[in-house]
Amino acid sequence: MKITSSAVSLNVDDVAASSGFLTRHFGFREEMAAPGFASLTRDDAGMNVVFLRRGLPTLPADQRDDHASGLILAFVVDDLEGELARLRSEGVTITMPLTEEEWGERAFQVRDPNGVIVQLVDWNAAR
C-alpha cells in the first residue's frame, strides 16, 4: 500500500461555518466544495480537513447523524504565543488556556462554530 494523501472528515451541522472558520483564522483554503461538503487544504498541513453536513444521504446510515465530537483537530505550530495573540486579536474565544504538560507539550484550544475543537500545540517547553 502507498498512501498518497491524508484527510480527516468531520460531520457538522453547518459546513460553511466550519469551513469559513478554518479559512479565516487558520489559513486553509477550499480545494473542493459542493452542497453539504467542503474539502480544505493548506500547503503545509499534511492533510485535508473535510466537513460533511450531518444527515448527508451519501454517508452510510450508521454515520449520517454523528457529530464531530470527542476529537481534537490539532496543529503543531512554531510560534504558539504569537498564534494565541493573533487569534485573540481576531476575536476568537480561547476555550482552553495555554497549558504546559509535564512531558513538554504546550497547547491551547478554540472551538469552531459547530463545536469542533481546534488545538494549537508546540513541543518547545522546557523539559
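Guide: Leaving aside neighbours within four places in sequence, Phe26 is in contact (heavy atoms within 4.5 Å) with Phe21, Arg42, Arg86, Leu87, Val110, Val118 and Leu120. The model is a predicted one, in which local features need pLDDT of at least 70 and side-chain atom pairs count only at pLDDT 80 or more, while totals for chains, interfaces and linings use all residues. Residues are numbered from 1 along each chain as its sequence is written, and side-chain values use heavy atoms, with hydrogens and water left out.

Phe26 is buried, with a relative accessible area of 7%; buried means under 20% relative accessible area, exposed over 50% and partly exposed in between, with a 1.4 Å probe and protein chains only. Phe21 is likewise buried.

The aromatic surroundings come next. A pair of aromatic rings is described by the distance of the centres and the angle of the planes. Rings of Phe, Tyr and Trp (its six-membered ring) pair if their centres lie within 6.5 Å; planes under 30 degrees apart count as stacked, over 60 as edge-to-face and the rest as tilted. By this rule there are 3 aromatic pairs. Phe21 and Phe26 form a tilted pair, 5.8 Å centre to centre with 50° between the planes. Phe26 and Phe75 form another tilted pair, at 6.5 Å centre to centre and 40° between the planes. This second pair joins distant parts of the chain, since Phe26 belongs to helix H1 and Phe75 to strand S5, 49 residues apart. Helices (H or I, at least four residues) and strands (E, at least two) are DSSP runs, numbered from the N terminus. Phe75 counts as buried because its relative accessibility is 12%. Ring pairs link Phe21, Phe26, Phe28 and Phe75 into a cluster.

Phe26 also has a place in the largest nonpolar core, which has 25 residues. Such a core is a set of buried Ala, Val, Leu, Ile, Met, Phe, Trp, Tyr and Cys residues joined through side-chain atoms within 4.5 Å. Leu22, Phe26, Val49, Phe51, Phe108, Val110 and Leu120 touch the most other members. Elements that each supply at least two residues include strand S1 (7–12), strand S3 (37–41) and strand S4 (48–53). Helix H1 (15–26) is also among these suppliers, and H1 gives the most, with 4 residues. In soluble globular proteins, nonpolar side chains tend to be buried together.
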